[in-house]
Amino acid sequence: MSKSLPYSVKDIHYDNAKFRHRSPLKVLSQSLLTLNTKRNYASCSTGKFLILILVFGLVCLMLMSKSPNESALNEKGKVTFVGGLRLGRLLRKPPRLPPRLSPDEGQLKGSSTNGSTISISDPKWAARQQSVKDAFDHAWSGYRKYAMGYDELMPISQKGVDGLGGLGATVVDALDTAMIMGLDNIVSEAGSWVETYLLERISQKGQVNLFETTIRVLGGLLSAYHLSGGEQGTMNMTHNGPKPAIYLNIAKDLADRLLTAFTSSPTSVPFCDVILRESTAHPAPGGASSTAEAASVQLEFNYLSAISGDPKYSTEAMKVLAHIKTLPNTEGLVPIYISPQTGEFVGENIRLGSRGDSYYEYLIKVWLQQGAEFNSNFTYLHDMYIEAMKGVRHLLVRNSIPKGLVFVGELPYGSKGEFSPKMDHLVCFLPGTLALGATKGLTKEQALKENLLSFEDLENLKLAEDLAKTCFEMYEVTATGLAPEIAYFHTNEYSEDGLQGGNKSSMYENDIIIKHADRHNLLRPETVESLFVLYRITKDTKYRDQGWQIFEAFEKYTKVKSGGYTSLDDVTEVPPHRRDKMETFFLGETLKYLYLLFGDDSVIPLDKFVFNTEAHPLPIRNT
């Protein structure tokens, strides 16, 4: 496959030139000029004779194409015909086509990079998908043996720990993954625990974080409700576990308590912490909430309102986004803190990593969830997303040196302050979000065929592919093949020596800087999430290959023999020191996205579902 053109103004000129309107006279003259450039046909008598025949033929066609029923009309509002050809047809502009990508970027649906066709039932990918399924089973077996009912597993110590409020977060986070994988025995185990213990836990537990509890527990319950056939006439991925109504009733009880974060606040911005047993809420110790946390609960509350018939959940959650729309921003970009007391942003720190990330993700996903083109009430979300992505391209996107990786940096002191070439692994959600926002879940081929992509969409899709490459190189550059939590990039203004990733064969060894405090790996899902979305949209199998390489590194360095997988302290050393923690999102997100990456596109199609920021799929409204 030929190398893609760099992301630059050159692409803009290329695309615009191809689809700019040209008059018929200009088309003819350009054609003759091209012929003359390639071969001087007109210099010989034969060439002149052929040109005369061409002109004569065109005139004849114009005169002969008039049908018997056509006549010259000069009345007001009518179109004049000349020789049977409408002048309007000659003079009107053609419909605006979205600019296509340059020829070296084209990939046929279902084709690999070497042009071979990939079958849905390709045994290689079926076997790799089974490997991911086996990994999930191994992770669950460790959790079940040593930590059942706890939030998380410490696989090396072989015990459980509650770090998310004590609601058995791993059970609920993993439940819909087991459903999608068809692991009915795990669905039964997890579902039975939810039915037996979760409602009681919710009524007795103390402080939880609104955001974490919503995306993991509430999101997991709602997804399980849908996938188990909760909505009449929809899919039913499992016949095991409790009836869907059980999941819904528990979700409503939990959401009713979480609502106090909204109703207790003096503004539209919710408090960040809730005392479940008291149904009370309070702000964080510093007073401010994370922008991402306040603005990333809407998918879940909207869906709960839709299936429960009670609008209160959606009403409270959507007030946040409507309020943020009224606040000042910097080219669509917003600070990472917001005050529930005043409703205003706090500080100037702008980034798409921690505390900022899912705000941008939910702008486009909530718009898609609400039926996009069917619901004009939420058009403002799409407008905010488009403006923000323009701001990202203008203010945050840079190229590293010496090899030119595209990355997204930060503005710790706002747009007038110094740029930081720091990129969290969390930012690797962005390639998938950009691709989803561009095609609305359709394949690139289909969206292009139906003329659905604007120039803005194609700019975002190109940036998505460039950033996905950078995210993968953050894995490739290390000794373990696993990414650090944070990377810095070598630029003309910033460099540090002796902080490479440990893979001497990587061509980007000198572009990526990994500081000692940032070398840990938490089994995060963001890169494989983007690989999954980009594979679904572009059908380029390099994304599958990269996902498999990452999975093999997880297997080699994070798998614990007795059960479970563990986070790492330093990805630049082999063997890496192990941290003794299996985050809930490894089962809820990382393995789910890898499984879907290697599987059939018809399973959780991107034009029918949106994934919340914890990878729980929720259906898109049809009307």
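This is a predicted model: local features need pLDDT of at least 70, side-chain atom pairs count only at pLDDT 80 or more; totals for chains, interfaces and linings use all residues.
Residues are numbered from 1 along each chain as its sequence is written, and side-chain values use heavy atoms, with hydrogens and water left out. Local features need pLDDT of at least 70 and side-chain atom pairs count only at pLDDT 80 or more, while totals for chains, interfaces and linings use all residues.

The protein has 21 helices and 17 strands, taken as DSSP runs numbered from the N terminus (helices: H or I, at least four residues; strands: E, at least two). Of its 623 residues, 56% count as buried, that is, under 20% relative accessible area with a 1.4 Å probe, protein chains only.

Now for the cores, each a set of buried Ala, Val, Leu, Ile, Met, Phe, Trp, Tyr and Cys residues joined through side-chain atoms within 4.5 Å. In the largest one, with 165 residues, Leu198 and Phe301 touch the most other members. Beyond four places in sequence, Leu198 is in contact (heavy atoms within 4.5 Å) with Leu167, Val172, Trp193, Val217, Leu221 and Ile250. A separate core of five residues includes Tyr488, Tyr494, Leu499 and Ile513.

Helix 20 (residues 542-557) and helix 21 (residues 584-597) pack at about 140°, their axes 9 Å apart; axes are lines fitted to C-alpha atoms over the stretch in contact, and angles run from 0 to 180 degrees between N-to-C directions. Helix 20 is therefore oblique to helix 21, as angles under 35 degrees count as roughly parallel, over 145 as roughly antiparallel, 65 to 115 as roughly perpendicular and the rest as oblique. Tyr543, Arg544, Gly547, Phe551 and Phe554 of helix 20 meet Phe586, Thr590, Leu591, Leu594 and Leu597 of helix 21.

Key: Buried means under 20% relative accessible area, exposed over 50%, partly exposed in between (1.4 Å probe, protein chains only).
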